[in-house]
Amino acid sequence: MACIELDRLSLTFRIKQQGRRSLKDLLVRQIFQGFRSPVTKIRALQDINLQIGEGERVGILGHNGAGKSTLLKVLAGIYPPSRGRRLVQGQISSLFDIALGFEDEETGWENISYRGFLQGETPRSIRSKMPAIADFSELGDFLNMPVRYYSAGMRIRLAFAIATAIEPEILLVDEVLSVGDLAFQHKARQRMREMMAKARLIVVVSHDLESLANLCDRCIWMDHGRIHREGAVQEMIATYSASVESNRNTAA
Amino acid sequence: MGGYLISVWRCRYFWLSLVKMDLRNRYRRSVLGVGWSLLHPLIMTAIMCTVFQRILHAPMPDYLIKVLAGLACWNFILSTTVQGCQCLYQGEVYIRQYPAPAAIYPLRTALGALIHFLLALCVVIGVTWYFKGFDNWLVLPSLIPAILLLFMLGWSLAVLTGFSNVYFKDTQHLCDLGFQILFYATPIIYEPSDLGGGLLSRLVQCNPLVPVLKLFRDPILDGRLPDPSTLGVASLAVSLLAALAALPLWRLQKTFIFRM
């Protein structure tokens, strides 16, 4: 049974302004205490309580920097929480930064293989999916060429085709709904709907409110690292849109 | 630890594909390609023998084979340690997308270096057969546990330098400098006895790489199995290093991403 439970979860980034420490920092700055490198604390997530059960399709919206992507990465197990508890049951498949992680010197076919392996495929399973992935990407003979000759749009097509060839249990999606040209976007949306129909639990982050309305039944509004409100997707979208409009009018 | 190794094994298709890709990329568009892995130790050995054989009055072809075998091991340890410094940064884009065990990135480095080492070892065996012949081929399978120990040594070093470089950026420079010193503190181009019986000779004997080198040199050069004590000391040294490498994997596996 797939489920997600976050109990009073917080995540704080501690950023040292100097970045990585050198030997000079250790020897000189530690001796002269007053020159210690300051640490900036960024409270990316604060006191998050969240339960998502099997069959739920949850959207996350909010302003830039609200903590949406950070929350997804905590759910995926990439970031450990600073406080609180994370419980996720089920096999997680995540679609984050899908345009990253291409090996430029390798061909499209080879990238399909090793990105498939990253997603947990075996050589046999990825071989059986290759024709469908190639067909969906519509890249044809370009797949025989190194990826460094691809345009940005072609990379996105290939990344999306590979990333959505999985059969997810828990699907975490971060801003991959608007990909490629207009024709490909229709195809991409249809593919996302198919994936979501197969998944047992979905969490989607997107600024595309129309997609959220079509794909999700529940919505969480994140604001400055906290869950500001949550409820039915239409209600949340309306409230969020009204709030953004109101802020814009106030600023003007 | 067993559970951790199982999780590493589960990702095997991914890290094996990275190793394959690294090998392809290393010699892409190169004329000699993987031939460089064979040529490099041969040329270095020829230079070392030309320069040092006269100074040390060492008998040939034993000295040639000894230096060749020593350099093959040394190059493996050097490349896993120095390239290991960047292994986590090399895998950063995957680390930020997929919560795999961090040990797979140093493993990628160590496996790539191991393949080059095995090619160099074939050259060593080939050169030995050509110049000396083998009285006792049956001891050569004893190289298998030696290779496994050397691999574990390299993987552990890559883990340590990889994590260290995330928290302390001068690690790479310290490794470069440290290995320059360590090269002359390791009996690759000389025997410890060449230093006289004094403190320096005893210090060199304490170098944990000495038993590891003997595990390769004894079967190839002398056609005999290594002493059980040599295997014991080498195993102990590698085990201690592996235990040390397990520490960052246990304590820092989840949090090192915040320092990248």
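Trainee: Which helices of chain B each supply at least two residues of the lining of the second largest pocket?

Mentor: The general idea comes first: rolling a probe the size of a water molecule over the atoms shows where empty space is left. In this predicted model, the helices in question are α2, α3 (35–56), α4 (62–84) and α7 (104–131) of chain B. Of these, α7(B) provides the largest share of that lining, seven residues.

Trainee: What is the volume of the second largest pocket, and which residues are closest to its centre?

Mentor: Its volume is about 540 Å³. The lining has 23 residues, and R26(B), S79(B), Q83(B), A113(B) and H116(B) are the closest to the centre. By class, 11 lining residues are nonpolar, nine are polar and three are charged.

Trainee: What is the volume of the largest pocket, and how many residues line it?

Mentor: The largest pocket has a volume of about 1400 Å³. It is lined by 46 residues; A76(A), Y98(B), P99(B), A100(B) and P101(B) are the closest to its centre. The lining divides into 28 nonpolar, 10 polar and eight charged residues.

Trainee: Which element gives the most to the lining of the largest pocket?

Mentor: That is β5(A), with four residues. Both chains take part: β5 (92–95) and α3 (108–118) of chain A, and α1 (2–10), α2 (12–26) and α12 (228–251) of chain B, each supply at least two lining residues.

Trainee: Now the packing. How many residues does the largest nonpolar core have, and which have the most contacts inside it?

Mentor: In soluble globular proteins, nonpolar side chains tend to be buried together. Here the largest nonpolar core has 155 residues, and F117(B) and F216(B) have the most contacts inside it. The helix α7(B) contributes the largest share of this core, 13 residues.

Trainee: Which residues does F216(B) touch?

Mentor: Leaving out residues up to four places away in sequence, F216(B) touches C73(B), F117(B), L121(B), L143(B), A146(B), I147(B) and L150(B).

Trainee: How many helices and strands does chain A have, and what share of its residues count as buried?

Mentor: Chain A has eight helices and nine strands. Of its 252 residues, 47% count as buried. The chain exposes about 12300 Å², with carbon and sulfur atoms supplying 51% of that area. Among its contacts between residues at least 6 apart in sequence, 73% join residues at least 24 apart.

Trainee: Take one residue of chain A. Is V147(A) buried or exposed?

Mentor: V147(A) counts as buried because its relative accessibility is 0%, and the cut-off for buried is under 20%. V147(A) lies in the loop between α4 (123–137) and α5 (152–163) of chain A. Residues that V147(A) touches include F102(A), D104(A), G108(A), N111(A), R155(A) and L158(A). V147(A) and E105(A) are 42 residues apart in sequence, yet their C-alpha atoms are 6.5 Å apart.

Trainee: Where is R8(A) found, and is R8(A) buried or exposed?

Mentor: R8(A) is found in strand β1 (residues 3–16) of chain A. With a relative accessible area of 54%, R8(A) is exposed. Its phi is near 50 degrees, a positive value in a residue other than glycine.

Trainee: Where is H224(A) found, and what is its phi?

Mentor: H224(A) is found in the loop between β8 (218–223) and β9 (226–232) of chain A. Phi of H224(A) is near 50 degrees, a positive value in a residue that is not glycine. H224(A) is exposed, with a relative accessible area of 53%.

Conventions:
Residues are numbered from 1 along each chain as its sequence is written. Chains are lettered from A and ligands numbered from 1 in the order in which they are written. This is a predicted model: local features need pLDDT of at least 70, side-chain atom pairs count only at pLDDT 80 or more; totals for chains, interfaces and linings use all residues. Side-chain values use heavy atoms; hydrogens and water are left out. On a 1 Å grid over the protein atoms alone, a cavity is a set of points where a 1.4 Å probe fits but cannot get out, and a pocket is an open set with protein on both sides within 12 Å along at least five of seven lines; lining residues have an atom within 4 Å of a point. Grid points are joined across faces, edges and corners, and a volume is the space filled by probe spheres set on the points. Ala, Val, Leu, Ile, Met, Phe, Trp, Tyr, Cys and Pro count as nonpolar, Asp, Glu, Lys and Arg as charged, and the others, Gly among them, as polar. A nonpolar core is a set of buried Ala, Val, Leu, Ile, Met, Phe, Trp, Tyr and Cys residues joined through side-chain atoms within 4.5 Å. Buried means under 20% relative accessible area, exposed over 50%, partly exposed in between (1.4 Å probe, protein chains only). Contact means heavy atoms within 4.5 Å. Accessible areas come from the Shrake-Rupley method with a 1.4 Å probe; for residues, only the protein chains shown count as cover.
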